[in-house]
Amino acid sequence: MSRTLAASALCALTAVGIAGCSDDGSSKQPFEGQSADRVAAKAVTATRNAASLRMAGKMSAQGQPLTVDFHVDTQKNCKGRMTMESGSADIIHTGRTTYVKGDEKFWAGAAQDSAGGQKQARALSGRWVKVPVGDSRTTGLCDKQGFLADLDSDKSERKGMTKGDVTTVDGRKAIPLRKKKGSGETITMYVATEGKPYILKLDQSGGRTPGTVVFSDYEKPVKATPPPAGKVIDGTKADKTVS
């Protein structure tokens, strides 16, 4: 296959996400002929249809910074970690059971309204606790479909988006789709340009709830293995132990 020097240079630029390249040396933009809104809709659908993924990033929850790193699937199998001002905790969800291993600060915050809370926090620190179904501290963390449904609940949120220049997210080519909101917020969705149009990153800057979440490990099995039974405190049988 022969190419001119100019065509070869054009192809070389694809390594830094500046241009696309085909076998005949011609350039072509990702999702050419499709509006940014259309691409965003396809990205949400592809991401929701994925059997599994990893979500990692920083955001704001109830006015406090929250860092999460979770592997989740459509069956609500889940394994990950969350860190906030009120402590850190590892989470495992498999079947219908959730296990939490938090530090003393985490459990102290969870037990702040109960008598002997500080003592309970010291006793539970670093130990796996089987928490009741629907426990407010973990509700929603392992619900992939529920989390992604929020992206699709108000379709007006992704209307009026504009395309940016191709870039990379964790080594994968992506096109940014941006929308500036009247509240001073800017929402940017990075969509994979190769393979399925998965969302690779969501970023919200400005406003009161800035944050960034990176999506990766699409379709990889989630290894959510319960802790050894002998190392688990069953909080479902003694709610006051963990409340």
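Is Glu194 buried, partly exposed or exposed? Select Glu194 and you'll find that it is partly exposed, with a relative accessible area of 47% (buried means under 20%, exposed over 50%, partly exposed in between, with a 1.4 Å probe and protein chains only).

Before moving on: this is a predicted model, where local features need pLDDT of at least 70 and side-chain atom pairs count only at pLDDT 80 or more, while totals for chains, interfaces and linings use all residues. Residues are numbered from 1 along each chain as its sequence is written, and side-chain values use heavy atoms, leaving out hydrogens and water.

Glu194 and Lys173 form a salt bridge, with their closest N and O atoms 3.8 Å apart (the rule: a side-chain nitrogen of Lys or Arg within 4 Å of a carboxyl oxygen of Asp or Glu). Lys173 is partly exposed too, at 24%.

Next, pick Lys181 and Glu185, another salt bridge at 3.5 Å, N to O. Here Lys181 is partly exposed at 25%, but Glu185 is buried at 11%.

Time for some rings. Select Phe106 and Trp107: their ring centres are 5.0 Å apart and their planes sit at 80°, so the pair is edge-to-face (rings of Phe, Tyr and Trp, using its six-membered ring, pair if their centres lie within 6.5 Å; planes under 30 degrees apart are stacked, over 60 edge-to-face, the rest tilted). Phe106 is buried at 5%, and Trp107 is buried at 2%.

Then jump to Tyr198 and Tyr218. With centres 3.8 Å apart and planes at 5°, this pair is stacked. Tyr198 is buried at 8%, as is Tyr218 at 11%.
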